[in-house]
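Here is a briefing on one protein model. It starts with overall figures and then turns to selected helices and loops.

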Amino acid sequence: MALTIACASDQLVSVEEVIDRARRLDDRDDPNSLASLAPVLGALVNDRELIVRLLNRRLGGRVDGGSTALAQAIPLGNGKDFRLRANIWPSSADLTAGRVQMSEPRYDVAHDHNFHFLTVGYFGDGYVTEIYEYDHDAIEGYVGEAVELRFLERTRFASGRAMLYRGSRDLHVQFPPDEISITLSLMFDSPVLNARDQFYFDLQRRTIAGFGAHTDTARRIDAVAMAGHAGNGETCQLLGDLARRHPCRRTRLTAYEALARLLPDDALKIWERACSDSAPLVANEARARLAGWRGS
């Protein structure tokens, strides 16, 4: 399950020290290994001017009317296959008054992540979050699919504690804090997880409600779908390779769809080939296409 870790510390470390510790981590897919970084991330919280320095750099030299826009996700540093950032969480009052605009629907939307991450409270009273888990290997991955969700906990994410979320396993829904809050997060990428979708969930119906729109997977699928409308012979060869070998099941399905669109005379053979795909999402859709084709 998602881990809650006490990380209050009287030590003080720098961003560079956090990056160095993350770089030397032995196994970035092992929850216990990732959890070992909670104390050092907790020690970074003791740098009470960390965000102030970032804000001052952003504001400096902008008194002439230049842009002072600040993203709600602020990069702090990165290494190979991981990154450190600060996240700003507006309060309900900020949102209602229009003082802050959310860049994506982060509140009141249950979602997972296609990467592991460790996050600590830095500033403010913290947002409230409900956490669930599910078995990624037990689902096909289509909108409306029923998913068995197991409730883990409801908690307020405040300073002095860290949370470890497992990619494509833990999902959560966040609610606005009473006052603006900030978290610091270490995010760890892996080829297996990054090839997967980020899912949105309907907690009442216990179903998949949609896909994250800002992931590499979503952008890749958009490009593959576009290729089905504006492609040539080389495009068909590339789509065929994607359909056969790409690790993401929805990318493979979209590649088959794009290929069938570009080669309508070969569509029957294309969908017959898709029936042998290892993922039920692809194979079942292919069988449905063939049944519709033969029934028409």
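Buried residues make up 50% of the 296 residues in the protein. Buried means under 20% relative accessible area, exposed means over 50%, and partly exposed lies in between, with a 1.4 Å probe and protein chains only. The model is predicted: local features need pLDDT of at least 70, side-chain atom pairs count only at pLDDT 80 or more, and totals for chains, interfaces and linings use all residues. Residues are numbered from 1 along each chain as its sequence is written, and side-chain values use heavy atoms, with hydrogens and water left out.

**Overall build**

- The protein has 11 helices and 12 strands. These are DSSP runs numbered from the N terminus: helices are H or I with at least four residues, strands are E with at least two.
- The C-alpha trace spans about 70 × 50 × 40 Å along its principal axes.
- Take contacts between residues at least 6 apart in sequence: 73% of them join residues at least 24 apart. A contact means heavy atoms within 4.5 Å.

**Surface and charge**

- The protein exposes about 14800 Å², and carbon and sulfur atoms supply 51% of that area. Accessible areas come from the Shrake-Rupley method with a 1.4 Å probe; for residues, only the protein chains shown count as cover.
- There are 36 positive and 41 negative side chains. Lys and Arg count as positive, Asp and Glu as negative; His and the chain ends are not counted.
- The centres of the two charge sets lie 2 Å apart. Each charge is placed at NZ of Lys, CZ of Arg, CG of Asp or CD of Glu.

**Helices with a buried face**

- Helix 4 (residues 50-59) has Leu50, Ile51 and Leu54 buried. Its buried residues fall within an arc of 95° seen down the axis, so they line one face of the helix. The arc is that of the directions from the helix axis to the C-beta atoms.
- The cover over the buried residues of helix 4 includes helix 1 (15-23), helix 3 (38-44), strand 2 (73-79), strand 3 (82-89), strand 5 (116-123) and strand 10 (181-188).
- In helix 10 (residues 267-274), the buried residues are Ala267, Ile270, Trp271 and Ala274. They cover an arc of only 90° around the axis, which puts them on the same side of helix 10.

**Positive phi in loops**

- Most residues other than glycine have a negative phi.
- Asp81 has a positive phi of about 70°. Asp81 sits in the loop between strand 2 and strand 3 and is partly exposed, at 36% relative accessible area.
- Asp108 also has a positive phi, of about 65°. Asp108 lies in the loop between helix 5 (92-97) and strand 4 (110-112).
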